[in-house]
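This briefing concerns the fold of one protein and the setting of a few of its residues. Please examine the sequence and structure below before reading on.

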Amino acid sequence: MCDRLKRASVFMAVFFIALPTALWSGCGKKAPPFLPENRLTLRVGVLTGRWDKGEVRLQGTISGHGKERSRVTGCRVYYAWYPADSPPCEGCPIQMKEFWLIRERVLSGDRFNCRVPWVKKEGVWYFQVRLTGPGGAVGPPSARVKVMTDN
């Protein structure tokens with residue numbers, strides 16, 4: 001009986017020492033939340049798109065700080081595709097799951113201009129753009145634009 005009591009005492013001591021330590025220690029460094037240094041505040045506004053000679057052309061205006069324009073290295077073009085005979089209803093939610101990363105000059109003064117030549121499927125395409133900068137910086141998303149293609 002004495003042996004069982006010793007084992008139970010040791011178990012209880014370990015349990016009451018280990019439990020608070022496990023609860024308070026957590027799984028990593030705790031610090032207040034912060035925004036990364038490499039953010040971009042430029043946004044593409046009034047985004048338009050059109051089907052032109054076998055490629056989509058996206059254009060828009062730029063809103064944000066002028067000095068940040070020199071940091072823009074390209075853009076992410078988010079997209080969604082639907083067949084022409086079954087597009088989503090107006091106002092239906094559209095998930096932009098994938099994107100193309102474009103690493104070329106997309107700004108000219110206060111204008112955004114981007115070619116999307118790899119759109120080959122006929123149907124209804126939805127696009128949204130986020131400007132990119134050095135170090136993985138990504139700007140806020142633009143409005144969504146709808147483009148009908150006919151290959």
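**Strand pairing and a loop serine**

Gly49 stands opposite Leu58 in β2. The model is predicted: local features need pLDDT of at least 70, side-chain atom pairs count only at pLDDT 80 or more, and totals for chains, interfaces and linings use all residues. Residues are numbered from 1 along each chain as its sequence is written, and side-chain values use heavy atoms, with hydrogens and water left out.

**Sheet**
- Strand β1 is joined to β2 (residues 55–63) by eight bridges, and the two run antiparallel.
- An open sheet is formed by four strands in the order β1-β2-β6-β5, with antiparallel pairing (strands pair if DSSP finds at least two bridges between them).
- Its edge strands, β1 (43–52) and β5 (107–108), each pair on one side only.

**Overall fold**
- The protein has one helix and eight strands, where helices (H or I, at least four residues) and strands (E, at least two) are DSSP runs numbered from the N terminus.
- Along the sequence, the pattern is α-β-β-β-β-β-β-β-β.
- Of the 151 residues, 30% count as buried, meaning under 20% relative accessible area (1.4 Å probe, protein chains only).

**Ser142**
- Ser142 lies in the loop between β7 (123–132) and β8 (145–149).
- Ser142 is buried, with a relative accessible area of 5%.
- Beyond its neighbours within four places in sequence, Ser142 is in contact (heavy atoms within 4.5 Å) with Val44, Leu47, Gln128 and Val129.

Note on methods. Buried means under 20% relative accessible area, exposed over 50%, partly exposed in between (1.4 Å probe, protein chains only).
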